[in-house]
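The paragraphs below walk through one structure, part by part. Keep the sequence and the 3D view at hand while reading.

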Amino acid sequence: MPVDGFMYPNEVELQWSVLIVLYPFLTGLVAGAFILASLERIFHVNAVKPTYRLALLTALSFLLISPLPLQLHLGRPERSLEMYLTPHRTSAMAMFGFVYLWYLMAVLVLEIWLDYRHEIVKLATSSTGWKRIVYRLMTLGSRNISEGALKVDDRVGYAVTMIGIPSAFLLHGYVGFIFGSVKANPWWSSPLMPVVFLFSAMVSGIAMVMLLYMGFTRLRRQLIDMRCVDTIAQYLLYIFLIDFALEMLDLIHRIYEADESFRSLGFMLHTKLFFSQVILQVLLGTVVPIALLGLIQFTNLAEHLRRKIYATSAVLALIGIFAMRWNVVIGGQLFSKSFLGYTSYKLDLISREGLFVAGGLMVLPFVVLYVLIKVLPPWPTETVKVAAAN
Amino acid sequence: MSITRRQILILLPAAALSWKYLLAGAPELAPNYTQSEHWWGMLIDIPKCIGCGNCVRACKAENNVPDGYFRTWVERYHVDDFHIETPTVDSPDGAIDGFPGSKEQGGKNFFVPKLCNHCVDSPCTQVCPVGATFDSKDGVVLIDEKYCLGCRYCIQACPYGCRFLHPEKKTAEKCTLCYHRITKGFTTACAENCPTGARQLADLKNPSDPIHEYLKTHSVQVLKPHLATGAKVYYSGLDGSVR
Amino acid sequence: MAKLKDSEHLLRLAAVFLVIFLSFLFIRTHFVPKSFGLYGHYRADALKEITARPMAFAGHQACAECHDDVVKTKAVGKHAVVNCEACHGALQKHVEDPASVIPQLPDTGVLCARCHEANLAKPKAFPQLSTKDHSGGEKCKTCHQPHSPLLQPGGRK
């Protein structure tokens, strides 16, 4: 493995691979999609209601797949249950199992169940075959969809969403803390880390749901609700600006203080991380989408142009946020803790932590989403043309 | 004084819970070895190190260290004049075969052996999610290779780069201060085989250990003191350029 | 009561969660290693396992029992602080079965240079030289007795 300069002998090989890049990317999408859903539920932003259920199902799809990269990365995956059996209270990583379970069961599954219960009970009687069994299981034996019951569902759902927002923050914030609390690594160690992770997660989640909404609506040959996507794009812009400000704050702070790690990190940024950080993450992944989305705020562009811009911005944002995770995880391991050298990351193709596996794990959530949409359709089954933006 | 029912209700379960620990007592690790009587560390005398690499070879033989990974290694420093922030450092294969002749001429040159510092406030123990790495009561940071799940968080958290993932066992590994030797009255493999006495095991709780006298008469440092890890490997004659 | 009837499905869900939680507790008692937590947040048996590992080096105290003469020679020479296994390798197996495990003598052509080949980074006061210039390829043992390597006045060992 080519080493520039000097690295401690055990540092030459990277410990955390592309799978560990993938994990925060996936859980970030979960947190972001959920925040978008909560915009409607808690903050009564009615314009985004068409994406409510889709956002929840998207969050669930990504949440179900997110433990897989971790399992595949472990040296001894058969021992992973130990995190539940004997969690070490001082370890942020030990919190993973519980935060994940909490978020899965007490927030997402509960909220989706409460919101869909009406249809589930109906489908339990109207459907046939194996689908009927699935729906009947999901009713948990209760067929009560009276007005009183649905009111209870609504109130409890509201409470769940309320708890869900800080839970989503915790689900992804702790990932940021896993990196941010490592004093041995100056690229990671920062109190800003959980906040940066969280806001970039929100960007990715919102962008993903917007993209999925536009894509699915097109596939269903329906009219895209412009009032909806215009509002989503606005929120995307706001969160993006905060995210950008936070990252620039980190950069400016580092340049100004120029501590002992600065020379080494700066060199790494100019060389090994130049393409992934400067070009992909900052320019293409942040500045360009912000400029595009900002442009829309100050001009009066036609609908089809706006849609193209939204789609482009969303794709660029997702690439940029993935690049950000890459730069944090991989970047943090490319330089020596002696600040005297660098190594390189060899991403192989077919190993357990290789490119093909990573690619497969990126596709899998969409497969799960497809299944979820079939079982719990987020849209009314009759074809309805939604009114255009007012 | 009579015991009230309330007191019994509290004392009984408490007693039942602590009985298990009482019965366990102190671990019977080796004959005549009591953990609480020892507090292990190491003294490294830089001016004595000749970079022969005997320690690296000995450690490998004693602990079956896999090729390409190092529980201990030696670094060679070359410092030009006052440029202590930018030394030239090398460690060819961890110095397992010593060092070839220097390419650099002049300047200040010396060797620095490195190993796990068995920190009192070890960041690696702090981040282990399951309790596979732990601090023993006699001050040695150890790894339970039957319990480690290979998440590698500890390897990321160690500021000194002393940990690695065993390529076959797929669990984390590092210097154990030859715990299996020191509990039986022997010294570590590296100290045993150091021909100049540059590496010496130190029992900080033993009043007759020579380290106490040494510390009174020499200046010592630990690596990366600003990280407050509580490192217990003391370096005598350590240059400011050492990373 | 109307209210309770309308919340009944929530109670069913709570029951499901409770079952899951209780089975987790049961699994926990079954799978957590018995010795875990006795001395701290780790498996106490690990201490015993680590301590029980076999030693490869016997330690210099073991050699005097049979090789007392060599030990005495070494003790007054320049190599007094160099332990036996530093040159002769790991010898615990030999100590356990001296008759059948006969260690190979190290090759002085390779062994001595490891410490004594001249290197800028070695302490100035440490005896070092260019072996090529010094002996022209001849093995060190030709002139030096490894256990007391300093040449006696007048020439060879």
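The model is predicted.

Chain C itself has 8 helices and 0 strands. Its pattern along the sequence is accordingly written α-α-α-α-α-α-α-α. The radius of gyration of chain C is 33 Å, well over the 15 Å that the globule rule gives for 157 residues, so chain C is more spread out than a compact globule. Along the principal axes, the C-alpha atoms of chain C fill a box of roughly 115 × 40 × 25 Å. Of the 157 residues in chain C, 21% are buried. Among the contacts in chain C with a separation of 6 or more, 49% come from residues 24 or more positions apart.

Chain C is divided into domain 1, residues 43-104, and domain 2, residues 106-151. The centres of these two domains of chain C, taken over C-alpha atoms, are separated by 24 Å. Where they meet, 9 residues of domain 1 of chain C are in contact with 7 residues of domain 2 of chain C. On the domain 1 side of this contact, helix H4 (64-75) and helix H5 (84-88) of chain C each supply at least two residues. H4(C) gives the most to that side, with 3 residues. The residues of domain 1 of chain C that touch domain 2 of chain C divide into 3 nonpolar, 4 polar and 2 charged.

Chain C also touches chain B, in a contact that takes 33 residues from chain C and 43 residues from chain B. H3, H5 and helix H7 (108-116) of chain C each supply at least two residues of the chain C side. Which helix gives the most to the side of chain C that touches chain B? It is H3(C), with 6 residues. By class, the chain C side of this contact has 20 nonpolar, 7 polar and 6 charged residues.

One residue of H3(C) can be picked out: Asp45(C) has its place in this helix, which covers residues 44-51. Is Asp45(C) buried or exposed, or does it fall in between? Asp45(C) has 17 C-beta neighbours inside 10 Å and therefore counts as partly exposed. Asp45(C) and Ser35(C) lie 10 residues apart in sequence, and their C-alpha atoms are 6.0 Å apart in space.

Chain B brings in strands. One open sheet of chain B has 3 strands in the order E3-E2-E4, with antiparallel pairing. Strand E3 (88-90) and strand E4 (108-115) of chain B each have a single partner strand, so they stand at the edges and one side of each is left without a neighbour in the sheet. Neighbouring strands of this sheet are turned by 25 degrees against each other on average, direction ignored. Strand E2 (residues 72-79) of chain B is joined to E3(B) by 3 bridges, and the two run antiparallel. In E3(B), Thr88(B) is the bridge partner of His78(B). Helix H2 (residues 54-63) of chain B packs on this sheet and touches E2 and E4 of chain B, with its direction at about 165 degrees to that of E2(B).

A further open sheet of chain B has 4 strands in the order E9-E1-E11-E10, and its pairing is mixed. Its edge strands are strand E9 (199-203) and strand E10 (220-221) of chain B, each of which pairs on one side only. Strand E1 (residues 40-45) of chain B pairs with E9(B) in the antiparallel sense, over 5 bridges. Within this pairing, Ile44(B) stands opposite Arg199(B) in E9(B).

The last stop is in chain A, at Glu40(A), which has its place in helix H1 (residues 18-41) of chain A. Glu40(A) counts as buried because it has 20 C-beta neighbours inside 10 Å. Apart from its neighbours within four places in sequence, Glu40(A) is in contact with Val45(A), Asn46(A), Val48(A), Lys49(A) and Tyr52(A). Lys337(A) is 297 residues from Glu40(A) along the chain, and 46 Å separate the C-alpha atoms of the two.

Methods. Residues numbered from 1 in each chain as written. Chains lettered and ligands numbered in written order. Predicted model: local features only at pLDDT ≥ 70, side-chain atom pairs only at ≥ 80, totals over all residues. Domains from an automatic or database assignment. Contact = placed C-beta atoms within 7 Å. Nonpolar A, V, L, I, M, F, W, Y, C, P; charged D, E, K, R; others polar. Buried ≥ 20, exposed ≤ 12 C-beta atoms within 10 Å, placed from the backbone. Pairing = 2+ DSSP bridges. Rg over C-alpha atoms; globule rule 2.2 N^0.38 Å. Axes fitted to C-alpha atoms, helices over the stretch in contact; angles between N-to-C directions.
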